[in-house]
Amino acid sequence: MDAAPHADAATLARRRFLSRLSIALSAAAGAIVGLPVIGFLFAPLTRKAPRVWRAVGRVEDFRVGETVSVRFEDGSPLPWAGVTARTAAWLRRDDASSFTAFSVHCTHLGCPVRWISEAKLFLCPCHGGVYYADGSVSAGPPPKPLPTYPVRVRNGQVEIETSPIPIV
Amino acid sequence: MTGTLLAWIDDRTGLISAARRVLEHPVPPRTGWWYVFGSATLLAFILQVATGIALATAYVPSSGQAYDSLKFISEQALLGRFLRGMHFFGASAMVLLIGIHVSRTYLMAAYKFPRELNWLTGAVLLLLTLALAFTGQLLRWDQSAVWSVIVGAAQAGRAPVIGPEIARFILAGDTVGGATLSRFFAFHVFFIPALVFALIGLHLILVLRHGISERPKAGDPVDPATYRQRYDELLRREGVPFWPDAAWRDVVFGAAMVATVALLAIIVGPPDLGPPPDPSLLEAYPRPDWYFLWYFAVLAMAPHHLENIIIVAGPLIFGALLLVVPFFNKGERSVRRRPLAALLVVFIWTMIVVFWVAGERAPWSPDFDVPPLPAQTVGTNDSTVVAGAKLFHDRGCAFCHAIGGIGGKRGPDLSDVGDRMSADQITARITNGGPNMPAYVRVLSPEETGAIVEFLSHRR
């Protein structure tokens, strides 16, 4: 840099003050704009969706021992979510009054497993994960059994509690 | 008249003489066709920006409506199908070209002194290009896209400690929903391209500052003490103006690339929209676009106990490798004196192609739509064997095992299993399963197992 003109001690001190002031003000202005933007982007980390019970059918719609897919709505669907607000579970009627609801998400990488009733297995189309009827891993890459969702019967309706996508 | 006008503009702005200085700056002689891939990548990016802006004028970035707007663009909008095709094949070209460009600069060691930061800015551009490719695939908001988001989040979820938080960040919440697509759209259309613009600017400033690297010569190592002086002498002695002596090849190659992309957009067209993005439709075959298909295969074929390491550490190691390359900035540039470098490039490309082919075949995926075996293949009227053949299909054996060319590829082909295994051995395998096979004792009755064993023993 060229030597600045009139560089006596007082001027130098004044310049140092002015550059520090300018940098600090710029940083403050940047923070005023930037921090809300970053906070907005990371908002999903702090916002937990409420867990609500969703009716998926009447008890008598399900036959004992059968496993079928049921669909229901997310816990807090946004008005513009359209079909993406839907979610599903594999629901089995264990006996007259109790049900088991399995996650449809393979514990390997989240792909949609399919119940093959004749084979009594859940199969994953992505990387070939296989689960037994009770959700335990029988073959392939899944590291954990299929998670289950809370399920209850209220007023003759089978209800499943909405849950986050299980992330292993 | 024109001359006077141009002179006036140049006098007031300085732009024309600046552009001329850039265009006519001397470059090393005999650079040849190997040097066209960087400019072609840039051209592909410009193509993406242009077609992307056009598509953004009709695309609705809403989780509930994007699918319908894509249908409109593809089926009704004037030139919509063509522009979607251009954007898809332009993306493919950009990924492929930046891959070739980074291989070329590595093979010719163009990253050595003083061009270390050319490499590093390029490495970040490579990662950003892949990020654009991933987010772009998701904007084709159909069933596959929804499941790709979930698979992406599940992978991120494997990271230690902060994994679940990254997954929530990707999904924009607990599940796929209304918030998910808008964010991907903003990243794909504003945030990442802005970074790409900035880094391309920096990359080009660096290219001009240090000049295009000369063709490497074996036995002529880079010495930081003398390199700049020798490069300047080379330019003084043999340098040629960039425009048109070197640039004509960039233009020819770039025009051919654009023409190829346009032809593919017309002839092949954009990828078909799959079923709607409804996460409750469970008949799905999520597959990534071709540029990530090899990684899909890696995830299927990785040994299970190494999987977390591969998913989490793999990308980090790749990033770290890109980062350390330019710190080996002295010495030989010619690939003839760097056999390991050549081997590494050949290795990486071979791995990608091999895994890509595996991903295309996906033998690990069960074949859900396998038809029952025809009577001709069963080849007998014996009632137990016929019943066994039916059970073989109905109980899902055929999802993974082929007989006579019908069935999945997950497990061994059982066309002639009777030749190599006894009935007892077959029974044991069916009952107990194997590393990648369920123990069917939990599925089949003893009679059913007996019938299937009878059928399989018959296969010879």
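Residues are numbered from 1 along each chain as its sequence is written, while chains are lettered from A and ligands numbered from 1 in the order in which they are written. Because the model is predicted, local features need pLDDT of at least 70 and side-chain atom pairs count only at pLDDT 80 or more, whereas totals for chains, interfaces and linings use all residues.

**Exercise 1. The build of chain A**

Work out which helices and strands chain A has, and how spread out the chain is.

Step 1. Start with the elements: helices (H or I, at least four residues) and strands (E, at least two) are DSSP runs, numbered from the N terminus. Chain A has two helices and eleven strands. Along the sequence they give the pattern α-α-β-β-β-β-β-β-β-β-β-β-β.

Step 2. Now take the radius of gyration, computed over C-alpha atoms, and the globule rule, 2.2 Å times the number of residues to the power 0.38. For the 168 residues of chain A the rule gives 15 Å, but the radius of gyration is 29 Å, well over that, so chain A is more spread out than a compact globule.

Step 3. Finish with burial. A residue is buried if 20 or more other C-beta atoms lie within 10 Å of its own, exposed if 12 or fewer, and partly exposed in between, with C-beta atoms placed from the backbone. By that count, 37% of the 168 residues of chain A are buried.

**Exercise 2. Where chain A meets chain B**

Find how many residues of each chain are in contact, and which element of chain A gives the most.

Step 1. Two residues are in contact if their C-beta atoms, placed from the backbone, lie within 7 Å. On this basis, 45 residues of chain A are in contact with 57 residues of chain B.

Step 2. Several elements of chain A each supply at least two residues to this side, among them helix H2 (43-46), strand E2 (67-73) and strand E3 (86-93). E3(A) gives the most, with three residues.

Step 3. Sort the residues by class: Ala, Val, Leu, Ile, Met, Phe, Trp, Tyr, Cys and Pro count as nonpolar, Asp, Glu, Lys and Arg as charged, and the others, Gly among them, as polar. The side of chain A that touches chain B divides into 29 nonpolar, nine polar and seven charged residues.

**Exercise 3. Two helix pairs in chain B**

Decide how H3(B) lies against H5(B), and how H12(B) lies against H14(B).

Step 1. Axes are lines fitted to C-alpha atoms, for helices over the stretch in contact, and angles run from 0 to 180 degrees between N-to-C directions. Angles under 35 degrees count as roughly parallel, over 145 as roughly antiparallel, 65 to 115 as roughly perpendicular and the rest as oblique.

Step 2. Helix H3 (residues 37-56) and helix H5 (residues 80-107) of chain B pack at about 155 degrees, with axes 8 Å apart. That angle makes H3(B) roughly antiparallel to H5(B). Their contact comprises 15 nonpolar, eight polar and two charged residues.

Step 3. For helix H12 (residues 290-301) of chain B and H14(B), the angle is about 80 degrees and the axes are 7 Å apart. H12(B) and H14(B) are therefore roughly perpendicular to each other.

Step 4. Residues of H12(B) including Leu293(B), Trp294(B) and Phe296(B) belong to this contact, as do residues of H14(B) including Ile352(B), Phe355(B) and Trp356(B). By class, the contact has ten nonpolar, one polar and one charged residues.

**Exercise 4. Backbone details**

Step 1. Pro114(B) sits in the loop between H5 and helix H6 (116-139) of chain B.

Step 2. Asn155(A) counts as exposed because it has 8 C-beta neighbours inside 10 Å.

Step 3. Ala362(B) has 22 C-beta neighbours inside 10 Å, so it counts as buried.
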